[in-house]
Amino acid sequence: VLASAVSSYHGLRNGGDCFSIFLLNSGSVKRYGPNSYHYWHDHEKRMAEKGDVAPPAKPELVTVETRSIEKTPLSITKYSYSDGKKSMKVYVDWSGIGTHPSEDVSVNFDEHMFDLLIEDAGQKHRLCVSKLYGKIDPAESFYVVKENQIVITLIKAAEESWYDLRKASL
């Protein structure tokens, strides 16, 4: 048995075929039977030669889903701000914003952030400041839409000076 295994191995090194692998690993087939990797590897080739192979599965469409893909809002990077004792004002210049419907501008407030969303000509634009320098009172904070500008007034939770709009990252 050892001599036949060695000759099969020698046949593999010199360009032997898959059948040599089957002979070399016949112990695997004896041990695991039809669950052996080598049994199925060789079995599939022999069955294909006879034409006794199951036809390949044909793909079948089960369902079709259509989804609307919402465009990612463009970032608003041009704005200014001014600090007061009780409030911080953020100014966003936007040409002709005063003529837009009121639904085109929205601002959400939270204790440490605000999120401005503008829809203009089918495209959304966003200014989201998620780490304000200090806490604000979301219920008291508000915004005003002027002819060519949006003014966001952030009412501070404590009367203090803010040295920047955003809290510095450490």
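**Confidence**

The mean pLDDT of the protein chain is 80, with 68% of its residues at 70 or more. Over residues 1–24, pLDDT stays under 50, and I find 18 contacts beyond four places in sequence for that stretch. Where pLDDT is low, predicted coordinates should not be read in detail, so I leave that part alone.

**Overall layout**

I went through the secondary structure next and found four helices and eight strands. Along the sequence the pattern runs α-α-α-α-β-β-β-β-β-β-β-β. For contacts with a separation of 6 or more, I noted that 55% join residues 24 or more positions apart. The accessible surface comes to about 12600 Å², and carbon and sulfur atoms hold 53% of that.

I traced an open sheet of four strands, in the order 1-6-5-4 and with mixed pairing. Its edge strands are strand 1 (74–75) and strand 4 (105–110), each of which pairs on one side only. I followed strand 4 to its partner, strand 5 (residues 113–120): the two are antiparallel and share six bridges. Within this region, valine 105 stands opposite isoleucine 118 of strand 5.

**The core**

Which residues touch the most other members of the largest nonpolar core? They are Phe114, Leu116, Ile152 and Leu154, out of 21 residues in that core. At least two core residues come from each of strand 3 (87–93), strand 4, strand 5, strand 6 (123–129) and strand 8 (149–155).

I then listed the neighbours of leucine 116, leaving out residues up to four places away in sequence. Among them are Ile76, Val92, Val105, Val107, Leu127, Ile150 and Ile152, and the list also includes Ser106, His125 and Arg126.

**Valine 145**

My last stop was valine 145, in strand 7 (residues 142–145). Why does valine 145 count as partly exposed? Its relative accessibility is 35%, and partly exposed covers the range between under 20% for buried and over 50% for exposed. Beyond four places in sequence, valine 145 touches Ile97, Gly98 and Val105. I looked at isoleucine 97 in particular: valine 145 and isoleucine 97 are 48 residues apart in sequence, yet their C-alpha atoms are 7.2 Å apart in space.

How values were computed
Residues are numbered from 1 along each chain as its sequence is written. This is a predicted model: local features need pLDDT of at least 70, side-chain atom pairs count only at pLDDT 80 or more; totals for chains, interfaces and linings use all residues. Side-chain values use heavy atoms; hydrogens and water are left out. Contact means heavy atoms within 4.5 Å. Accessible areas come from the Shrake-Rupley method with a 1.4 Å probe; for residues, only the protein chains shown count as cover. Buried means under 20% relative accessible area, exposed over 50%, partly exposed in between (1.4 Å probe, protein chains only). Two strands pair if DSSP finds at least two bridges between them. pLDDT is the predictor's confidence in each residue, from 0 to 100. A nonpolar core is a set of buried Ala, Val, Leu, Ile, Met, Phe, Trp, Tyr and Cys residues joined through side-chain atoms within 4.5 Å.
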